[in-house]
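Q: Can we go through how this one packs inside? Keep it short.

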Amino acid sequence: MALFDELFSLRGRHALIIGGGSGIGKLTAETLAAAGAKITIVGRRQAVLDSAVSELTATGAATTDIAAASCDITELEAIPDFIAEVTHTRGAIDILVNGAGDNPRLPMAEVTPQKWRQLLDVNLSFAFFTAQATAPAMASRGWGKIINIASLQSNLAFKNGAPYGAGKGGIAQLTRAQAREWSAQGVTVNAIAPGFFPTALTQAVIADNPDSARQLAARTAIGRNGELNDLRGAVLLLATPASDYITGQVLFVDGGFTAV
């Protein structure tokens with residue numbers, strides 16, 4: 001148990017989870033809370049955040065401090081002030097999870113310049129600026145974890161996914177660049193690239209389309225699509241001291257989708 005605590009305990013750490021109100025973000029919040037971290041979840045819709053805080057508290061796994069902070073992360077100029085306010089009210093940030101994303105699945109002909117900019121901001125740009133506002137303080141303390149959420153589309157192209165794929169491809173390269181910038185000062189930066197999991201972003205191709213769900217499952221090495229609990233191990237690894245010598249990596253948690 002002593003070795004487990006040394007590697008995986010997050011007691012005394014504060015995790016800021018962008019997109020923590022639902023799906024993978026909420027799963028991440030629950031996992032890190034169970035490891036002892038103080039949690040601040042971030043999103044645009046206060047009602048969703050409040051519901052998530054209530055649900056996380058009710059699970060029993062979350063025995064630490066959990067709170068929510070509302071912010072539109074596409075308002076890039078406001079991010080430094082937001083990070084400063086969270087630090088002032090909730091304490092120094094040790095772990096940053098950039099988990100926001102949007103994929104409306106638009107044919108290229110329907111992507112306007114406004115929509116392109118909007119989708120790049122929510123899928124890529126915010127992850128640059130939240131880390132820019134957070135990592136220097138982590139580096140000054142000599143320890144920190146940044147976890148970006150990438151995608152299968154960081155490596156693969158899917159129909160009607162150009163803006164999303166461009167953003168998530170950028171996340172993979174941004175992860176490497178951020179690792180190069182801060183890892184020598186104790187801040188590791190990695191990304192998790194989920195396969196097909198039951199979230200709002202995949203509802204159209206999994207929950208609402210059984211034939212598509214079966215076809216996607218058949219493309220994996222394991223033979224099934226993901227369940228949210230399948231992500232817990234990767235989240236815990238990359239947020240804890242167990243990964244102190246892992247940086248600049250994109251970890252695909254996809255059942256072997258990209259391996260076959």
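**Core and helix packing**

A: The largest nonpolar core has 32 residues, and those with the most contacts inside it are Leu16, Ile18, Ile73, Phe82, Leu96, Phe126 and Ile146. A nonpolar core is a set of buried Ala, Val, Leu, Ile, Met, Phe, Trp, Tyr and Cys residues joined through side-chain atoms within 4.5 Å; buried means under 20% relative accessible area with a 1.4 Å probe, protein chains only.

Q: Which element gives the most to this core?

A: Helix 5 does, with eight residues. At least two residues each come from strand 1 (14–18), helix 4 (79–90), helix 5 (113–141), helix 6 (162–182) and strand 6 (187–194). Helices (H or I, at least four residues) and strands (E, at least two) are DSSP runs, numbered from the N terminus.

Q: What basis do these values have?

A: This is a predicted model, with local features needing pLDDT of at least 70 and side-chain atom pairs pLDDT 80 or more, while totals for chains, interfaces and linings use all residues. Residues are numbered from 1 along each chain as its sequence is written, and side-chain values use heavy atoms, without hydrogens and water.

Q: What does Ile18 touch?

A: Leaving out residues up to four places away in sequence, Ile18 contacts (heavy atoms within 4.5 Å) Val42, Ile73, Leu96, Val97, Asn98, Gly99, Ala100 and Phe126.

Q: New topic: at what angle do helix 2 and helix 8 pack?

A: About 60 degrees, with the axes of helix 2 (residues 23–34) and helix 8 (residues 232–239) 10 Å apart. Axes are lines fitted to C-alpha atoms, for helices over the stretch in contact, and angles run from 0 to 180 degrees between N-to-C directions.

Q: Which residues meet there?

A: Leu27, Thr28, Glu30, Thr31 and Leu32 in helix 2 meet Arg232, Val235, Leu236 and Ala239 in helix 8.

Terms used
Buried means under 20% relative accessible area, exposed over 50%, partly exposed in between (1.4 Å probe, protein chains only).
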